[in-house]
Amino acid sequence: MTPIRLTVNGQVREGAVEARLTLADFLRDQLGLTGTHLGCEHGVCGACTVLLDGEPARSCLVLAVQAQGAEVTTVEGLSEGDGLSPLQQAMRDNFSFQCGFCTPGFLIQAHALLRENPKPTEQEVRLALSGNLCRCTGYQSIVAGVLAAAEAL
Amino acid sequence: MITQRPPAERFTGSSVKRTEDPRLLTGRGRYVADIRLPGMLHAAFCRSPHAHARLLRLDTAAARQAPGVVAIFDGWEMARLTSATGGMAEMMGSERLPKYSLLCTDKVRLVGDPVALVVAESRAQAEDAVELIEAEYEELPAVMSEDQARDASLPAIFEDLGSNILFGPDQKVFGDVEGAFAAADRVVRARISQHRHQNVPMEGRAILAAFDRASGELVAHAATQGVNTTRQIVAAQLQMPLDKVRVLAQDIGGSFGLKFGASREEVACCAASRELARPVRWIEDRMENLTVSGQAREESFIVEAAVTTAGEILGMRVEMVIDSGAYPGFAPGIISTVREMIPGPYRMRALSFSATGIITNKATYVAYRGPWASETFVRERLIDLVAAELGLDPVEVRLRNLAERDQPPLRMVTGPSLAGITAKESLRRMTELFDFPRFREQQATARAAGRYLGVGVATYVEPAPGPRPETPPTELEWVRASLGEDGTVSVFTAQMPHGQSHQTTLAQIAADQFGVDFDQVRVVVGDTDQVPEGFGTGGSRFAAMAGGAALHATRRLRTQVLELAAQLLDLSPSSLDIRDGAVVGEGVPGGGLPLPELVRRANEAAAAGLIPPGTDTGLEASFGFDGGQGGWSGGTHCCVVEVDHMSGKVELLRYLVVEDCGELINPAVVEGQIRGGVAQGIGAVLLERSAYDEWGQYLSSTFMDYLLPTTTDVPNIEIHHLETVPLDQDVNFRGVGEGGMIVAPPTICNAVADAIAPTGGRVLEQHLPPQRILELMGAIPERG
């Protein structure tokens, strides 16, 4: 077991982990942050995307020990209290999601996009989200939600 | 007497924001993998690496000594704990059922077949122990094709069945088929096939089973489309009384037909929990999901159409073969629907249809969104082949053959009434929205410049719920509604949403019918102790069946509440109404009696014996709805593509939908269902295939191999709603979940076929990845 210490959603968190434990499993099983979902566990679907030192990363492909000292933001850290962030609100207004399983990864990815490029074009949104899989929506509502959030921000 | 709220005040028909979203958008959803129980153990399965083999020996000794391992169940031990009968296939009414066990004992029948269940303190420990299990197999020839299934020299996958033919051929004839073909100017023949692909919900299968030795009750937290169906199967296979099994479901990460009842693995986890008296959780990983959860759609058809030179389709002969995969599944159950639906909204007066089911060493055939969709694919592809052969425009051939509402007999040759059908309007509307003549000019110009543009249309209907059955038994969908002491209305349904927003849409209907605000309605799902009977969400039956049941149940509750209020206030019920959460009407003191106050006073009056006998004070009403007059969903899709003759890549330039799904409950939810279905159709045609090699090894077990459409593959989809023809006095909602996935594949294939027509390529299959397109265009040799 290796002790680790990292900042998750602004709070310092500590744990003792096996070297093989992924960051996703650490967040979900040890910290109880089950908003981060596992859709493939091989780095393709993007459901487990978190911000790792500010950059989107697949938490199923990152070992918890690699996150030693890092700053991690999960979907739970995108809004305060019970409210919705402007991005989340725009996603709700646009019926962006259906089953909700891919949702945390899309939110994190879109959050990162809007921080870098506050007024993206539709094509830029589509490219930025092209590494995240959604099986329910056909993506149009997700893209519309991100564009609406950009408009609102 | 019912006073309808004026349309402006109604929730039904407007895009009310989803109740589900605040939790799902903040990471507070609760899927099975998010639930932890004290003492919870984790399951992992040891699976066959062979497609077809005898299991000679299974040595679990080393695995049992591995750290964290609590128990290992092999096939024989699991057979001792469970019943082989009572599974999903029997519930589907399959006639020819082989004998098999939950976990394999003497034989494995596909790659991934489970041979042992390991239960350990952590998932990683369970998976480590699986690696320590030693199994010895004697390989048998794999049966991977129709020819091999018919080859009597190959071993029967199920020895007790004696062959690899599951059923058929069984032939049914409707109308004068011989006469139709005798009268035909021409017969158009083709062999048209659909490839194997699959549901792929973002969340795989999952169960958390918790047996309580004190109460003798097993509680299963399931990812399921219907808690009652899951309970029936778990109880039957564990040989427990139904009332000792409780199934709970919360958020579910999609399903699309996959998560019905309980799979062999899920039942095995329930058995393990009962045996160990500890909670056991199994979260299917993606490789398991892609390899063994189930696959769909592998069907082939030899079709003949009897046509006139003017393009009238007089009749069809169809021979269908369905690849059922290894274990009994959904295949036998869909044949009757494919057969009944294949005439679709067209007038053809004769049909001969036969079907054969084969068994192969592949994953079991499961329901996938519009499971009978091959009827639309085959018919709509065939119509384009007819048009091409006759030199007619495909739209014209459709218009010539589509049923008209004022022309009897308004009925499919297979029986169902086509009352209220708007298929022809949908195609006409499409010709207004899309300028076909102009496109043909653009296409000609592009062709002259060496570019391949194409347009495709397809028209369909979907029984959602379909016409009211002319003879009983009719199936009922139940909804129970109750008024709580806080004035909120609870609506209980056996429907189990997994993305369809049922908790929003049922509340819209209930709020309108009862007379409270949308926020005052709570929709209760996912608990066999609470929800009424009913198999769950599927078959696009929610809108009409559950929506209708909710409408009538909340109306009935309203009547009951008004009668009670009338007793308490000494007024006539007909003078009262419920508005914004209060009973109002002439003579009501204070301008209105708030519902919480009404409930309190009713309880007091009942306790004091002041309510006359016969007055219903239960504040609860149930309604079992048969779908009313029913009716069809359906419409026309149109797609424009460009095919790159160098790369074989298909670009979707435009995608239009004209649809009729009855009265819309929530337009944004409806459009989400349509777009999601179309996206799956795009995936099916251009990307997705569940591929095996000739030895039965599965080749598509990761997302690098099984390709799902992404944001750059799915275009914006333009949706136009057609005004529906109301058939029922009260309920004209129709289901819309499956249509997109039913009609998108032929729409896209027709567009691709149109694009590559100048090369002589003939599209007779559904899967058109770049390599296949280049083969069809003659750019590269066929790989065979």
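Reader: Which residues is Gly627(B) in contact with, leaving aside its neighbours within four places in sequence?

Author: In this predicted model, Gly627(B) is in contact with Pro465(B), Arg468(B), Ala544(B), Met545(B) and Gly548(B). A contact here means that the C-beta atoms, placed from the backbone, lie within 7 Å.

Reader: Why is Gly627(B) called buried?

Author: The cut-off for a buried residue is 20 or more other C-beta atoms within 10 Å. Gly627(B) has 25, so the residue counts as buried. Gly627(B) is found in the loop between β23 (620-625) and β24 (630-643) of chain B.

Reader: What separates the C-alpha atoms of Gly627(B) and Val731(B)?

Author: A distance of 7.9 Å separates them, although the two residues are 104 residues apart along the chain.

Reader: How do you know that helix α17 of chain B has a length close to the expected one?

Author: Helix α17 of chain B covers residues 542-569, which is 28 residues.

Reader: What makes α17(B) mostly covered?

Author: Of the 28 residues in α17(B), 20 are buried. Just after the helix comes Asp570(B), which takes a positive phi of about 60°.

Reader: Why are β3 and β11 of chain B said to stand at the edges?

Author: The open sheet has 7 strands in the order β3-β5-β1-β12-β9-β10-β11 (chain B), and the pairing is mixed. β3 (69-74) and β11 (245-248) of chain B each have a single partner strand, so one side of each is left without a neighbour in the sheet. On average, neighbouring strands of this sheet are turned by 20° against each other, direction ignored.

Reader: How do you know that β9 and β10 of chain B pair?

Author: Two strands pair if at least two bridges are found between them. β9 (residues 206-212) and β10 (residues 217-222) of chain B are joined by 6 bridges, so they pair. The two strands run antiparallel, and Ile207(B) stands opposite Ala222(B) in β10(B).

Reader: Which strands does helix α5 of chain B lie across?

Author: Helix α5 (residues 123-132) lies across β1 (41-47), β3 and β5 (114-120) of chain B, and runs at about 25° to β1(B). Helix α9 (residues 264-276) of chain B also packs on the sheet, touching β1, β3, β5, β9, β10 and β12 (280-283) of chain B. The direction of α9(B) makes about 25° with that of β9(B).

Reader: Why is chain A called as compact as a globular protein of that length?

Author: The globule rule gives 15 Å for 153 residues, and the radius of gyration of chain A is 15 Å, so the description applies. The C-alpha atoms of chain A fill a box of roughly 45 × 30 × 25 Å along the principal axes. Buried residues make up 58% of chain A. Chain A has 5 helices and 5 strands, in the pattern β-β-α-β-β-β-α-α-α-α along the sequence.

Reader: How many residues are in contact between chain B and chain A?

Author: 42 residues of chain B are in contact with 40 residues of chain A. On the side of chain B that touches chain A, α1 (21-25) and α19 (667-686) of chain B each supply at least two residues. α19(B) gives the most, with 7 residues. By class, that side of chain B has 17 nonpolar, 14 polar and 11 charged residues.

Technical notes. Residues numbered from 1 in each chain as written. Chains lettered and ligands numbered in written order. Predicted model: local features only at pLDDT ≥ 70, side-chain atom pairs only at ≥ 80, totals over all residues. Contact = placed C-beta atoms within 7 Å. Helix = DSSP H or I, 4+ residues; strand = E, 2+ residues; numbered from the N terminus. Nonpolar A, V, L, I, M, F, W, Y, C, P; charged D, E, K, R; others polar. Rg over C-alpha atoms; globule rule 2.2 N^0.38 Å. Buried ≥ 20, exposed ≤ 12 C-beta atoms within 10 Å, placed from the backbone. Expected span 1.5 Å × (residues − 1). Axes fitted to C-alpha atoms, helices over the stretch in contact; angles between N-to-C directions.
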